[in-house]
Amino acid sequence: MQDNFERFLTFDVTADSNRMRDHATFTRAIDDEVLIATTTRAAAGLGTSDPDAAFSSLLTLPSVCRASDYLSR
């Protein structure tokens with residue numbers, strides 16, 4: 001889904017429900033990186049974050065990491 005601030009939040013959902021299975025991805029037009037949220041609380045935090053928040057401050061949210069770090073685990 002995309003909001004009015006050019007933020008995209010995409011959920012990896014289970015096949016039989018709309019619940020988050022493993023992670024959600026978060027991107028903004030102003031960032032070069034993709035963030036991964038590994039809990040629904042983290043996804044909600046990213047989805048409601050300040051549109052002008054610095055990328056580094058978003059990384060300080062619990063259960064949030066760079067996509068590159070998530071893929072290497």
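Biologist: In which strand does D12 lie?

Modeller: D12 lies in strand 1. One caution: the model is predicted.

Biologist: What makes D12 buried or exposed?

Modeller: The cut-off for buried is under 20% relative accessible area. D12 has 17%, so D12 is buried.

Biologist: Which residues does D12 touch, not counting those up to four places away in sequence?

Modeller: D12 touches R19, M20, R21, D22 and H23. A contact here needs heavy atoms within 4.5 Å.

Biologist: Where is F26 placed?

Modeller: F26 is in strand 2, which covers residues 20-28.

Biologist: Why does F26 count as buried?

Modeller: Buried means under 20%. The relative accessibility of F26 is 2%, and therefore F26 counts as buried.

Biologist: With which residues is F26 in contact, leaving aside its neighbours within four places in sequence?

Modeller: The contacts of F26 include R7, F8 and L9. Among the others are V34, L35, L46, G47, S49 and L58.

Biologist: How many Å separate the C-alpha atoms of F26 and P62?

Modeller: They are separated by 14 Å, and the two residues are 36 apart along the chain.

Biologist: What share of the chain counts as buried?

Modeller: Of its 73 residues, 30% count as buried.

Biologist: Why does the radius of gyration of the chain agree with that of a compact globule?

Modeller: For 73 residues, the rule for a compact globule gives a value near 11 Å. The chain has 12 Å, so the value agrees. Along the principal axes, the C-alpha atoms fill a box of roughly 35 × 30 × 20 Å.

Biologist: How many helices and strands are there in the chain?

Modeller: The chain has three helices and four strands. From the N terminus on, the order is β-β-β-α-α-β-α.

Biologist: How do you know what confidence the chain has?

Modeller: The scale of pLDDT runs from 0 to 100. The mean for the chain is 87, and 99% of its residues reach 70 or more.

Biologist: Where in the chain is confidence lowest, and where is it highest?

Modeller: Confidence is lowest in strand 1 (residues 7-13), at a mean of 85. Confidence is highest in strand 4 (residues 64-66), at 94.

Notes. Residues numbered from 1 in each chain as written. Predicted model: local features only at pLDDT ≥ 70, side-chain atom pairs only at ≥ 80, totals over all residues. Heavy atoms only, no water. pLDDT = per-residue confidence, 0-100. Helix = DSSP H or I, 4+ residues; strand = E, 2+ residues; numbered from the N terminus. Rg over C-alpha atoms; globule rule 2.2 N^0.38 Å. Buried < 20%, exposed > 50% of the residue type's maximum accessible area, 1.4 Å probe, protein only.
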